[in-house]
Amino acid sequence: MSGGAFDHLKALVVEDNQHMRTLLRSLLNALGINAVFEAANGEDAFVLLRDKQPDIVLSDLSMKPMDGIDFAREVRMSKSSPNPYIPIIMVTGHTERHRIEAARDAGVTEVLAKPITAANLFQRIGEIVDRPRPFVKAPDYFGPDRRRHAVEDYAGPFRRRDDFENDLAVR
Amino acid sequence: MGKFADDGRHAAEANYRPLLSEAGRKQAMAKLKSGDMLAKASRVIAMRTAELRGAVLALVDQLEEAMRAQDWPTVFAATHEIRGFAETAGLDATGRIANGLCHYLDSIDQLGLGPDGAIVSLHVDAVIRSARTEDDAARHGDAVAKQLAALVARKLADVKEAARS
(Lines give C-alpha, C1' and ligand atoms only; values in the text may rest on other atoms or scores of the structure.)
Protein backbone atom coordinates (compact mmCIF):
# COMPACT_ATOMS: atom_id res chain seq x y z
CA MET A 1 0.00 0.00 0.00
CA SER A 2 1.30 3.47 -0.82
CA GLY A 3 2.17 5.60 2.16
CA GLY A 4 1.49 8.80 0.26
CA ALA A 5 3.06 11.73 2.06
CA PHE A 6 5.29 9.56 4.21
CA ASP A 7 6.50 6.94 1.77
CA HIS A 8 9.72 8.72 0.82
CA LEU A 9 10.74 9.44 4.42
CA LYS A 10 13.35 7.43 6.30
CA ALA A 11 13.20 6.92 10.06
CA LEU A 12 15.76 5.84 12.64
CA VAL A 13 14.53 4.06 15.79
CA VAL A 14 17.01 4.07 18.69
CA GLU A 15 15.84 1.80 21.49
CA ASP A 16 17.58 -0.88 23.54
CA ASN A 17 14.47 -3.00 23.93
CA GLN A 18 13.85 -5.14 20.90
CA HIS A 19 10.08 -5.41 21.54
CA MET A 20 9.71 -1.65 21.66
CA ARG A 21 11.85 -1.26 18.53
CA THR A 22 9.60 -3.69 16.68
CA LEU A 23 6.47 -1.94 17.89
CA LEU A 24 7.73 1.47 16.75
CA ARG A 25 8.82 0.08 13.42
CA SER A 26 5.38 -1.46 12.89
CA LEU A 27 3.65 1.81 13.71
CA LEU A 28 5.89 3.75 11.32
CA ASN A 29 5.29 1.14 8.62
CA ALA A 30 1.53 1.47 9.16
CA LEU A 31 1.91 5.20 8.55
CA GLY A 32 3.70 4.51 5.28
CA ILE A 33 7.32 4.99 6.39
CA ASN A 34 8.89 1.82 5.08
CA ALA A 35 12.58 2.70 5.40
CA VAL A 36 13.07 2.25 9.14
CA PHE A 37 16.56 1.68 10.54
CA GLU A 38 17.17 0.40 14.04
CA ALA A 39 19.91 0.92 16.61
CA ALA A 40 20.15 -0.31 20.20
CA ASN A 41 22.10 2.67 21.56
CA GLY A 42 23.26 6.19 20.76
CA GLU A 43 26.67 5.19 19.43
CA ASP A 44 25.25 2.80 16.85
CA ALA A 45 22.57 5.34 16.00
CA PHE A 46 25.16 7.98 15.20
CA VAL A 47 26.74 5.64 12.65
CA LEU A 48 23.34 4.97 11.03
CA LEU A 49 22.58 8.67 11.02
CA ARG A 50 25.68 9.19 8.89
CA ASP A 51 25.29 6.13 6.67
CA LYS A 52 21.52 6.06 6.08
CA GLN A 53 20.65 9.76 6.37
CA PRO A 54 17.21 9.35 7.94
CA ASP A 55 14.70 12.22 8.03
CA ILE A 56 13.39 11.67 11.55
CA VAL A 57 14.66 9.97 14.73
CA LEU A 58 12.68 8.24 17.46
CA SER A 59 14.98 7.65 20.43
CA ASP A 60 14.66 6.07 23.86
CA LEU A 61 16.22 7.91 26.80
CA SER A 62 17.83 5.13 28.88
CA MET A 63 20.41 3.19 26.91
CA LYS A 64 24.03 2.13 27.30
CA PRO A 65 26.76 3.01 26.47
CA MET A 66 25.34 6.25 25.04
CA ASP A 67 21.90 7.30 26.26
CA GLY A 68 19.29 9.31 24.39
CA ILE A 69 20.25 12.62 25.99
CA ASP A 70 23.92 12.32 25.01
CA PHE A 71 22.89 11.13 21.56
CA ALA A 72 20.64 14.16 21.02
CA ARG A 73 23.36 16.51 22.25
CA GLU A 74 25.87 14.86 19.92
CA VAL A 75 23.50 15.18 16.96
CA ARG A 76 22.90 18.88 17.64
CA MET A 77 26.33 20.04 18.79
CA SER A 78 29.01 17.78 17.34
CA LYS A 79 31.04 19.07 14.44
CA SER A 80 30.85 15.59 12.95
CA SER A 81 27.06 15.47 13.08
CA PRO A 82 25.65 14.61 9.65
CA ASN A 83 22.37 16.46 10.30
CA PRO A 84 22.10 18.78 13.33
CA TYR A 85 18.59 19.79 12.25
CA ILE A 86 16.99 16.36 12.20
CA PRO A 87 13.75 16.12 14.23
CA ILE A 88 14.23 13.92 17.31
CA ILE A 89 11.28 12.44 19.20
CA MET A 90 12.37 11.17 22.62
CA VAL A 91 10.26 8.12 23.53
CA THR A 92 10.57 7.58 27.25
CA GLY A 93 8.99 6.21 30.39
CA HIS A 94 11.08 8.70 32.39
CA THR A 95 8.49 11.43 32.66
CA GLU A 96 9.95 13.18 35.70
CA ARG A 97 10.29 16.91 35.16
CA HIS A 98 14.08 17.01 35.51
CA ARG A 99 14.50 14.33 32.84
CA ILE A 100 12.14 16.06 30.41
CA GLU A 101 14.05 19.30 30.94
CA ALA A 102 17.34 17.50 30.32
CA ALA A 103 15.95 16.12 27.06
CA ARG A 104 14.73 19.55 26.01
CA ASP A 105 18.10 21.12 26.86
CA ALA A 106 19.88 18.48 24.78
CA GLY A 107 17.91 19.62 21.72
CA VAL A 108 15.13 17.04 21.55
CA THR A 109 12.27 18.20 19.34
CA GLU A 110 9.37 16.34 20.95
CA VAL A 111 8.90 14.03 23.94
CA LEU A 112 6.58 11.03 23.71
CA ALA A 113 5.79 9.42 27.06
CA LYS A 114 5.40 5.67 27.32
CA PRO A 115 3.08 3.81 27.26
CA ILE A 116 2.89 4.48 23.56
CA THR A 117 -0.44 4.96 21.86
CA ALA A 118 -0.99 5.48 18.15
CA ALA A 119 -2.74 8.79 18.86
CA ASN A 120 0.15 10.14 20.91
CA LEU A 121 2.77 9.09 18.38
CA PHE A 122 0.82 10.64 15.51
CA GLN A 123 0.31 13.83 17.50
CA ARG A 124 4.09 14.22 17.99
CA ILE A 125 4.83 13.50 14.32
CA GLY A 126 2.11 16.00 13.43
CA GLU A 127 3.82 18.68 15.53
CA ILE A 128 7.04 18.14 13.57
CA VAL A 129 5.29 18.15 10.20
CA ASP A 130 2.86 20.98 10.85
CA ARG A 131 4.62 23.27 13.31
CA PRO A 132 8.39 22.95 12.88
CA ARG A 133 10.16 25.16 15.40
CA PRO A 134 12.96 27.49 14.33
CA PHE A 135 16.43 26.58 15.49
CA VAL A 136 18.24 28.57 18.12
CA LYS A 137 21.95 28.96 18.64
CA ALA A 138 23.28 29.91 22.06
CA PRO A 139 26.75 29.44 23.56
CA ASP A 140 25.71 26.16 25.19
CA TYR A 141 22.75 25.15 23.05
CA PHE A 142 21.85 24.45 19.48
CA GLY A 143 18.45 23.02 18.66
CA PRO A 144 14.76 23.75 18.26
CA ASP A 145 13.49 26.84 20.04
CA ARG A 146 12.62 25.65 23.53
CA ARG A 147 9.80 28.16 23.85
CA ARG A 148 6.75 26.27 22.76
CA HIS A 149 4.36 29.22 22.41
CA ALA A 150 4.92 32.18 20.14
CA VAL A 151 4.21 35.63 21.56
CA GLU A 152 1.49 37.19 19.44
CA ASP A 153 2.88 40.73 19.31
CA TYR A 154 6.55 39.75 19.30
CA ALA A 155 8.49 41.95 16.87
CA GLY A 156 11.92 40.40 17.56
CA PRO A 157 14.77 39.90 17.50
CA PHE A 158 15.43 39.82 21.28
CA ARG A 159 13.33 37.73 23.64
CA ARG A 160 15.55 36.79 26.57
CA ARG A 161 15.68 39.06 29.60
CA ASP A 162 19.48 39.30 29.34
CA ASP A 163 19.13 40.24 25.67
CA PHE A 164 17.34 43.39 26.74
CA GLU A 165 19.79 44.01 29.57
CA ASN A 166 22.77 43.56 27.25
CA ASP A 167 21.16 45.74 24.64
CA LEU A 168 20.58 48.52 27.16
CA ALA A 169 24.16 48.20 28.40
CA VAL A 170 25.47 48.67 24.85
CA ARG A 171 23.35 51.79 24.41
CA MET B 1 29.14 23.86 12.64
CA GLY B 2 28.66 26.81 10.34
CA LYS B 3 25.36 25.55 9.02
CA PHE B 4 23.23 28.39 10.27
CA ALA B 5 23.25 32.11 9.64
CA ASP B 6 25.26 33.17 12.66
CA ASP B 7 23.97 36.55 13.75
CA GLY B 8 25.67 36.01 17.09
CA ARG B 9 22.42 35.61 18.99
CA HIS B 10 19.50 33.67 17.63
CA ALA B 11 20.13 31.21 14.89
CA ALA B 12 18.34 31.46 11.64
CA GLU B 13 16.97 28.66 9.55
CA ALA B 14 19.52 28.85 6.79
CA ASN B 15 19.90 25.16 6.16
CA TYR B 16 16.81 24.01 7.96
CA ARG B 17 14.64 22.07 5.57
CA PRO B 18 11.00 21.31 6.45
CA LEU B 19 10.32 17.59 6.56
CA LEU B 20 7.77 17.81 3.74
CA SER B 21 6.72 20.16 0.97
CA GLU B 22 3.58 22.24 1.50
CA ALA B 23 1.50 19.78 -0.49
CA GLY B 24 3.10 16.88 1.37
CA ARG B 25 2.45 18.57 4.71
CA LYS B 26 -1.25 18.87 3.99
CA GLN B 27 -1.45 15.28 2.82
CA ALA B 28 0.50 14.08 5.86
CA MET B 29 -1.67 15.97 8.33
CA ALA B 30 -4.82 14.60 6.73
CA LYS B 31 -3.41 11.11 7.13
CA LEU B 32 -2.31 11.63 10.73
CA LYS B 33 -5.77 12.90 11.65
CA SER B 34 -7.68 10.22 9.77
CA GLY B 35 -9.77 7.90 11.90
CA ASP B 36 -8.96 4.99 9.59
CA MET B 37 -5.23 5.55 10.04
CA LEU B 38 -5.57 5.73 13.80
CA ALA B 39 -7.65 2.55 13.84
CA LYS B 40 -5.07 0.79 11.68
CA ALA B 41 -2.22 1.81 13.97
CA SER B 42 -4.18 0.82 17.06
CA ARG B 43 -4.69 -2.62 15.50
CA VAL B 44 -0.92 -2.84 14.99
CA ILE B 45 -0.45 -2.32 18.73
CA ALA B 46 -3.25 -4.75 19.60
CA MET B 47 -1.65 -7.44 17.44
CA ARG B 48 1.50 -7.18 19.55
CA THR B 49 -0.22 -7.29 22.94
CA ALA B 50 0.52 -10.96 23.60
CA GLU B 51 4.19 -10.56 22.65
CA LEU B 52 4.51 -7.50 24.87
CA ARG B 53 2.81 -9.29 27.75
CA GLY B 54 5.42 -12.04 27.47
CA ALA B 55 8.13 -9.38 27.58
CA VAL B 56 6.62 -7.84 30.71
CA LEU B 57 6.48 -11.23 32.43
CA ALA B 58 10.16 -11.81 31.60
CA LEU B 59 10.96 -8.40 33.11
CA VAL B 60 8.92 -9.31 36.18
CA ASP B 61 11.14 -12.39 36.64
CA GLN B 62 14.20 -10.09 36.45
CA LEU B 63 12.62 -7.73 38.95
CA GLU B 64 11.90 -10.55 41.39
CA GLU B 65 15.48 -11.78 41.16
CA ALA B 66 16.92 -8.27 41.60
CA MET B 67 14.68 -7.67 44.60
CA ARG B 68 15.88 -10.89 46.21
CA ALA B 69 19.49 -9.69 45.72
CA GLN B 70 18.62 -6.13 46.88
CA ASP B 71 20.16 -4.97 43.61
CA TRP B 72 18.56 -1.50 43.49
CA PRO B 73 19.90 -0.34 40.11
CA THR B 74 18.46 -3.46 38.46
CA VAL B 75 15.22 -3.08 40.41
CA PHE B 76 14.93 0.46 39.05
CA ALA B 77 15.89 -0.53 35.49
CA ALA B 78 13.42 -3.44 35.38
CA THR B 79 10.64 -1.38 36.95
CA HIS B 80 11.25 1.39 34.47
CA GLU B 81 11.02 -1.05 31.55
CA ILE B 82 7.83 -2.55 32.99
CA ARG B 83 6.33 0.90 33.36
CA GLY B 84 7.05 1.60 29.69
CA PHE B 85 5.50 -1.62 28.44
CA ALA B 86 2.81 -2.83 30.79
CA GLU B 87 -0.11 -0.68 29.72
CA THR B 88 0.62 -1.25 26.03
CA ALA B 89 0.52 -4.97 26.93
CA GLY B 90 -2.90 -4.51 28.51
CA LEU B 91 -1.55 -4.74 32.07
CA ASP B 92 -2.82 -1.38 33.25
CA ALA B 93 -2.59 -1.93 37.00
CA THR B 94 0.95 -3.29 36.66
CA GLY B 95 1.93 -0.16 34.75
CA ARG B 96 0.42 2.16 37.35
CA ILE B 97 2.09 0.38 40.28
CA ALA B 98 5.45 0.32 38.45
CA ASN B 99 5.00 4.02 37.72
CA GLY B 100 4.54 4.69 41.44
CA LEU B 101 7.72 2.79 42.30
CA CYS B 102 9.70 4.64 39.61
CA HIS B 103 8.42 7.93 40.99
CA TYR B 104 9.51 6.93 44.50
CA LEU B 105 12.96 5.68 43.46
CA ASP B 106 13.62 8.70 41.27
CA SER B 107 12.49 11.16 43.97
CA ILE B 108 14.56 9.51 46.66
CA ASP B 109 17.56 9.47 44.36
CA GLN B 110 17.09 13.19 43.67
CA LEU B 111 17.22 13.76 47.43
CA GLY B 112 20.49 11.83 47.60
CA LEU B 113 18.99 9.12 49.82
CA GLY B 114 18.67 5.35 49.62
CA PRO B 115 15.29 3.67 49.18
CA ASP B 116 13.24 2.26 52.05
CA GLY B 117 13.28 -1.52 51.49
CA ALA B 118 9.72 -1.93 52.79
CA ILE B 119 8.28 0.57 50.31
CA VAL B 120 10.14 -1.04 47.43
CA SER B 121 9.13 -4.51 48.54
CA LEU B 122 5.43 -3.62 48.76
CA HIS B 123 5.51 -2.24 45.22
CA VAL B 124 7.51 -5.09 43.77
CA ASP B 125 5.14 -7.65 45.31
CA ALA B 126 2.19 -5.78 43.85
CA VAL B 127 3.83 -5.50 40.41
CA ILE B 128 4.56 -9.23 40.39
CA ARG B 129 1.09 -10.21 41.53
CA SER B 130 -0.76 -7.89 39.18
CA ALA B 131 1.29 -9.02 36.18
CA ARG B 132 0.98 -12.72 36.90
CA THR B 133 -2.63 -12.85 38.04
CA GLU B 134 -4.65 -10.78 35.66
CA ASP B 135 -7.95 -11.48 37.43
CA ASP B 136 -6.66 -10.10 40.71
CA ALA B 137 -5.25 -7.10 38.90
CA ALA B 138 -8.57 -6.36 37.25
CA ARG B 139 -10.43 -6.59 40.56
CA HIS B 140 -7.92 -5.02 42.95
CA GLY B 141 -5.26 -3.34 40.81
CA ASP B 142 -6.67 0.17 40.93
CA ALA B 143 -7.18 0.11 44.68
CA VAL B 144 -3.68 -1.26 45.29
CA ALA B 145 -2.10 1.33 42.97
CA LYS B 146 -3.95 4.16 44.75
CA GLN B 147 -2.96 2.95 48.21
CA LEU B 148 0.67 2.57 47.20
CA ALA B 149 0.66 6.03 45.61
CA ALA B 150 -0.65 7.47 48.87
CA LEU B 151 2.05 5.60 50.77
CA VAL B 152 4.77 6.99 48.49
CA ALA B 153 3.40 10.54 48.81
CA ARG B 154 3.39 10.27 52.62
CA LYS B 155 6.86 8.73 52.72
CA LEU B 156 8.36 11.39 50.43
CA ALA B 157 6.73 14.15 52.48
CA ASP B 158 8.25 12.65 55.66
CA VAL B 159 11.68 12.38 54.07
CA LYS B 160 11.57 15.97 52.78
CA GLU B 161 10.37 17.23 56.17
CA ALA B 162 13.21 15.38 57.89
CA ALA B 163 15.71 16.85 55.43
CA ARG B 164 14.45 20.38 56.19
CA SER B 165 14.63 20.03 60.00
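Okay, let's start where the two chains meet: 38 residues of chain B are in contact with 38 residues of chain A. Keep in mind that this is a predicted model.

Which helices of chain B supply at least two residues each to the side that touches chain A? They are α1 (22–32), α2 (35–47), α3 (49–68), α4 (72–85) and α5 (92–110). The biggest giver is α1(B), with 7 residues. If you sort that side of chain B by class, you get 16 nonpolar, 9 polar and 13 charged residues.

Now, the inside. In soluble globular proteins, nonpolar side chains tend to be buried together. Here, the largest nonpolar core has 51 residues, and the members touching the most other members are A:A11, A:L12, A:L27, A:V57, A:A72 and A:I88. Helix α1 of chain A, residues 18–31, gives the most to this core, with 7 residues. Apart from that core lies another one, of 32 residues, including B:V56, B:A89, B:A126 and B:L148.

Let's zoom in on A:V57. Leaving out residues up to four places away in sequence, A:V57 touches A:L12, A:V14, A:I86, A:I88 and A:I89.

Last stop: a pair of helices in chain A. The axes of α2 (residues 42–52) and α3 (residues 68–77) come within 9 Å and cross at roughly 30°. Angles under 35 degrees count as roughly parallel, so α2(A) is roughly parallel to α3(A). The crossing is right-handed.

And who meets whom? From α2(A) we have A:G42, A:A45, A:F46 and A:L49, and they meet A:G68, A:D70, A:F71, A:E74 and A:V75 in α3(A). By class, the residues of this contact are 5 nonpolar, 2 polar and 2 charged.

Definitions and conventions:
Residues numbered from 1 in each chain as written. Chains lettered and ligands numbered in written order. Predicted model: local features only at pLDDT ≥ 70, side-chain atom pairs only at ≥ 80, totals over all residues. Core = buried A, V, L, I, M, F, W, Y, C linked by C-beta atoms within 7 Å. Buried ≥ 20, exposed ≤ 12 C-beta atoms within 10 Å, placed from the backbone. Helix = DSSP H or I, 4+ residues; strand = E, 2+ residues; numbered from the N terminus. Contact = placed C-beta atoms within 7 Å. Nonpolar A, V, L, I, M, F, W, Y, C, P; charged D, E, K, R; others polar. Axes fitted to C-alpha atoms, helices over the stretch in contact; angles between N-to-C directions. Parallel < 35°, antiparallel > 145°, perpendicular 65-115°, else oblique. Left-handed = near helix turned anticlockwise from the far one by under 90°.
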